[in-house]
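Hi everyone, and thanks for coming. I have a few things to walk you through today, so let me put the structure up and we can look at it together.

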Amino acid sequence: MRYSELTSPETLGIHTLGALKKAGYKSRSIKQELRDNLIQKIKNKEEVFPGIWGYEETVIPDVERAILSMHNINLLGLRGQAKTRIARMMVNLLDEYIPYIQDSELHDDPLAPLSRFAKDLVEEKGDNTPIAWLHRNERYTEKLATPDVSVADLIGDVDPIKAATLRLPYSDERVIHFGLIPRSHRGIFVINELPDLQARIQVALFNILQEGDIQIRGFKLRLPLDIQFVFTANPEDYTNRGSIVTPLKDRIESQIVTHYPKTLEVGKKITEQEAVVKTEQKETVKVNELIKTLIEQIAFEARESEYVDSKSGVSARLTISAYESLLSAAERRALRNGEDSTHVRIADLYGVIPAICGKVELVYEGEVEGPVIVAQNLIGKAIRTQFLNYFPDPEKSKKSKINPFAKVIEWFGSGNEMEMIGDMADREYIARLKTIDGLDDFVDMLSAYGDADEKLFMMEFALHGMAEYSLIGKQSLDQGIKFQDLVSSMFSGPDDEDFDFDDDDEKGRF
């Protein structure tokens, strides 16, 4: 039986160099190992990076080509684009276990030892050299680049305590304490946010990437380290905090550009996969597809907004946090009203504002308006955009002989108002929506829905959409929103909800 055909228990039963040779073990570099295992997965039609959505035709093929080429990789993209996730998942392309010389700092290959310790041990014990096994999860090392990272952290330094303990002169290489990179020998080493690494530290990586030697305090060791390097970088870093020095970029063979989800459906998949939904929330809160779509639409609106810094990007964490906050808002309302279950409402979207504010970087104009107002209007823009997928275009309806919105507009025009308090019980919520003359029939006529709860949601959605298109007025309250006639809302004074980003919108909006 060949070594490659041995099962995990059989390989773990090998404890000496002689037994390892007898089993037919052959040395293989980590890049060759990644390549071979990727080839096998592709042949078997296996998914290489499960759970990474939206990259099937773009980023993942680029990563696979880089691995097949045995390249070091730089993943370049804005925040929240799964760069680190991809790097961590490369571990799944490694063999489950590899042998190494027991107690060696560098996890030396038994057939190709690097360290002085391993070489001396093999020379002394020969085929009786003890062998240990390293699991694939232990072959991954990740370092966040921060300004305080030193050469000693990454490469190593002379250890005076070791020299004193072993009674060795500083000229002996055994006094060296190796850093993270040498200790990642035969593994994957990831540096996150590479541009944040000081230029002089980046220079220290040159020889490791190209020549295969390291230099520590006067020692020049020829250590052909076997490492798969993966770097991540944010383009914003190139101007705001630092940059990748040109010779280092030249030594990284593949630079792969990541991106945000290109469709709402992909965004929804990511959010549902990553959001932490508690068991109690699953049992208590019912969520429909439209509210999930609106959450994703908020992120899309933010990425296009002139008030949000596009260079910083809008992370996928925005929608994940917003979805979690949305469920919590509905759960809190049910708890306050003593209800066993509830359905998410449009009003709950305004409970996710804290989750939005911390996830967007504003330009000067956005800072002037304030993050809360910008967040409120991103929600409004999302409602406005999705409204057209379910109801007629209000602008065209105004010119039509038969205006489907007319009856609802007339009800508010007769001096009626409706306050939708965020924490009101389901019974009161239903009663207030049913009070609005024409709203029930309007939704029945123009929108598809699944059940009674979803119909109520669409009725509320219709009110918010009509307000966004200035068919009726909307005013913020401390505990909710008041809908009223558009003229009445003008005399109530401008409020945060009515601020809009588009200059070409109707002048009736504030």
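Let's begin with helix H5, which gives the most to the lining of the largest pocket, with 4 residues. Before I go on, please keep in mind that this is a predicted model.

H5 covers residues 83-89. Along with helix H14 (264-274) and helix H17 (316-336), H5 is among the helices that each supply at least two residues of that lining. How many residues line the largest pocket altogether? There are 31, and the ones nearest its centre are Gly80, Gln81, Ala82, Lys83 and Arg317. As for the space inside, the largest pocket holds about 680 Å³.

Now please turn to the sheet with me. Here we have an open sheet of 3 strands, in the order S14-S16-S15, with antiparallel pairing. Which strands sit at the edges? They are S14, at 418-421, and S15, at 473-476, and each of them pairs on one side only. Going from one strand to the next, the twist averages 20°.

Let me stay with S15 and S16 for a moment. A hairpin of 3 residues connects S15 to S16. If you'd like a pair to find on screen, look for lysine 474, which stands opposite phenylalanine 483 in S16.

There is a helix on this sheet too. H25, residues 452-468, packs there and touches both S15 and S16. The direction of H25 makes about 70° with that of S16.

My last stop is a single side chain, phenylalanine 391. Where does it lie? You'll find phenylalanine 391 in the loop between helix H20 (371-387) and helix H21 (394-399). Is phenylalanine 391 buried or exposed? Its relative accessible area is 5%, under the 20% cut-off, so phenylalanine 391 counts as buried.

And what is around it? Leaving aside neighbours within four places in sequence, phenylalanine 391 is in contact with Phe442, Leu446, Ser447, Met458, Phe461 and Ala462. For a sense of distance along this part of the chain, phenylalanine 391 and lysine 401 are 10 residues apart in sequence, and their C-alpha atoms are 17 Å apart in space.

That's my tour for today.

Conventions: Residues are numbered from 1 along each chain as its sequence is written. This is a predicted model: local features need pLDDT of at least 70, side-chain atom pairs count only at pLDDT 80 or more; totals for chains, interfaces and linings use all residues. Side-chain values use heavy atoms; hydrogens and water are left out. Two strands pair if DSSP finds at least two bridges between them. Axes are lines fitted to C-alpha atoms, for helices over the stretch in contact, and angles run from 0 to 180 degrees between N-to-C directions. Contact means heavy atoms within 4.5 Å. Buried means under 20% relative accessible area, exposed over 50%, partly exposed in between (1.4 Å probe, protein chains only). On a 1 Å grid over the protein atoms alone, a cavity is a set of points where a 1.4 Å probe fits but cannot get out, and a pocket is an open set with protein on both sides within 12 Å along at least five of seven lines; lining residues have an atom within 4 Å of a point. Grid points are joined across faces, edges and corners, and a volume is the space filled by probe spheres set on the points.
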